[in-house]
Structure formats: structure tokens, C-alpha cells
Amino acid sequence: MADSIEEAVSRALEEAPPRNFRETVDLAINLRDLDLNDPNNRVDESIVLPSGTGQETSIVVFAEGETALRAEDVADQVLSGDDLEDLGDDSDAAKDLADETDFFVAQANLMQDIGRYLGTVLGPRGKMPTPLQPDDDVVEVVNRMKNTVQLRSRDRRTFHTRVGAEDMTADDISTNIGVVVRRLEANLEKGPLNIDGIYVKTTMGPSVEVPT
């Protein structure tokens with residue numbers, strides 16, 4: 001299967017017309033025979049891509065003290081409890097932050113305040129922070145999240161996730177796709193039988209079916 005995935009990726013890269021920007025490579029996933037009105041049937045997974053996403057991933061950390069100092073080396077922004085309160089008073093700033101950030105991480109003791117001040121902004125966007133436990137290394141967590149993508153169907157039968165960038169090798173992208181497909185099949189009630197089709201494409205290029 002790995003060889004046939006790589007062939008599909010190679011075709012998608014070759015058939016993509018030249019653009020004056022660096023395109024991402026995305027998977028489009030079509031599901032079948034699932035009642036997605038039932039939240040239990042929805043796909044909602046964070047997946048670490050072994051070959052990386054090929055893109056910059058924006059990560060904001062809510063932390064204080066030593067954790068905040070360590071996070072400054074790896075996160076795009078580090079925000080304190082006071083910053084959190086300020087965002088709670090400025091819904092436009094909170095929405096902008098949510099839209100510009102791929103992932104949030106927070107010290108576990110700040111999660112209650114995040115729910116109070118930002119829950120209505122982050123919750124519907126599926127961006128509530130990953131809680132940092134006391135023995136977690138914030139640097140390790142943030143670096144792992146830089147290679148993480150969200151696989152999230154919500155109530156739609158067709159949804160997308162990023163699996164690379166056009167200047168990555170077809171081998172690296174197909175390795176990422178293999179991980180996504182295996183996680184998806186493990187997550188679905190009937191495994192591969194719930195998949196109607198998977199397609200790979202660059203941002204503006206044609207779709208190529210991925211064999212599953």
C-alpha cells in the first residue's frame with residue numbers, strides 16, 4: 001500500500017500547476033455509513049506526522065514561572081494569567097489570537113481560568129489548550145505539537161487535513177499519509193468500510209485518489 005500511496009502523491013505533485021507561493025499538500029477524506037449527528041461517531045484526533053507538516057505551526061503557551069521561561073524558547077507567544085484576563089475583556093483580540101494560532105498549551109492550573117475567559121472563543125474552534133501536567137516538559141510538548149495536525153470531521157462527511165508541503169519528497173508525504181490513514185481506520189466504527197474515498201492534492205492542484 002505504501003508504494004501505491006507514494007504513486008498517488010507523486011501524481012498530485014507532478015500535476016499541480018506552478019504557483020508563486022509554497023503550496024501545502026492536503027488529504028480530503030470522505031466518510032460513509034456514519035451518523036455524524038452523533039458526536040460519538042465524529043473523528044477528532046491530533047496526529048503527529050513523522051515527516052513533519054512542512055509548514056510553520058503557530059503555538060501559544062499559557063504559563064507562569066519557570067515553565068513560562070522555558071516556553072519562550074520554543075513557542076510563538078507565552079501568555080500569563082494576567083494576559084488571559086485581558087483577553088477575556090477583549091473578545092476581538094481573543095478571536096484574532098484563536099484564528100492565528102494552530103495550537104494552545106496551558107499549565108493545568110490555568111485551565112479553569114481559560115475555560116472561564118476564553119472557553120466561548122476556543123471551544124467552538126476546537127482549540128482548547130492541551131493541559132501541561134506538572135511532570136511534562138513544555139519544550140518537548142511544544143516541539144511535538146509543531147509536527148501535529150488535527151483530524152476533525154465535526155458533522156461533515158468530507159473534511160481535510162494537512163499532510164505536508166509541495167517541496168517535501170513524495171516518500172515523506174506518503175509516510176505521513178500512511179500514519180493518518182491508519183489512525184483514521186482505527187478510529188472509525190467499521191474501519192476502512194467507513195471510508196468512501198481519500199484524495200491527495202496540493203492547495204490549488206487536482207485531486208488524486210489514494211488507495212486504501
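The legends below describe close-up views of one predicted model. Residues are numbered from 1 along each chain as its sequence is written, and side-chain values use heavy atoms, with hydrogens and water left out. In this predicted model, local features need pLDDT of at least 70 and side-chain atom pairs count only at pLDDT 80 or more, while totals for chains, interfaces and linings use all residues.

View 1. The largest pocket has a volume of about 580 Å³. A pocket here is an open set of points, on a 1 Å grid over the protein atoms alone, where a 1.4 Å probe fits, with protein on both sides within 12 Å along at least five of seven lines; lining residues have an atom within 4 Å of a point. The volume is the space filled by probe spheres set on the points, which are joined across faces, edges and corners. The lining comprises 26 residues, and Asp102, Phe103, Thr148, Val149 and Gln150 lie nearest the centre of the pocket. Two or more lining residues come from each of β2 (44-48), β5 (103-107), β6 (130-132), α6 (138-145), β7 (148-152) and β8 (158-165). Helices (H or I, at least four residues) and strands (E, at least two) are DSSP runs, numbered from the N terminus. Strand β7 gives the most, with four residues. By type, the lining has nine nonpolar, eight polar and nine charged residues. Nonpolar covers Ala, Val, Leu, Ile, Met, Phe, Trp, Tyr, Cys and Pro; charged covers Asp, Glu, Lys and Arg; the others, Gly among them, are polar.

**View 2. The salt bridge of Arg32 and Asp196.** The side chains of Arg32 and Asp196 form a salt bridge, at 3.3 Å from N to O. The term means a side-chain nitrogen of Lys or Arg within 4 Å of a carboxyl oxygen of Asp or Glu, and the count by this rule is eight. Arg32 lies in the loop between β1 (24-31) and β2, and Asp196 in strand β9 (residues 195-202), so the pair ties together parts 164 residues apart in sequence. Arg32 is partly exposed, at 32% relative accessible area, and Asp196 is partly exposed at 45%. Buried means under 20% relative accessible area, exposed over 50%, and partly exposed in between (1.4 Å probe, protein chains only).

**View 3. The salt bridge of Arg183 and Glu45.** Here the N to O distance is 2.6 Å. Because Arg183 belongs to helix α7 (residues 170-187) and Glu45 to strand β2, the pair ties together parts 138 residues apart in sequence. Arg183 is partly exposed, with 31% relative accessible area, whereas Glu45 is buried, with 17%.

**View 4. Thr57 and its contacts.** Thr57 sits in the loop between β2 and β3 (59-62) and is buried, at 6% relative accessible area. The side chain of Thr57 reaches the backbone oxygen of Lys146 at 3.1 Å. Beyond neighbours within four places in sequence, Thr57 is in contact (heavy atoms within 4.5 Å) with Asp76, Asp102, Phe103, Met145, Lys146 and Arg162.

**View 5. Leu36 beside Asp155.** Leu36 is in the loop between β1 and β2 and is buried, at 5% relative accessibility. The C-alpha atoms of Leu36 and Asp155 are separated by 4.9 Å, although the two residues are 119 residues apart along the chain. Not counting residues up to four places away in sequence, Leu36 touches Leu31, Asn41, Arg42, Ser153, Arg154, Asp155, Arg156 and Arg157.

Methods: Polar contact = N/O pair within 3.5 Å; in protein donor to acceptor, adjacent residues only side chain to side chain.
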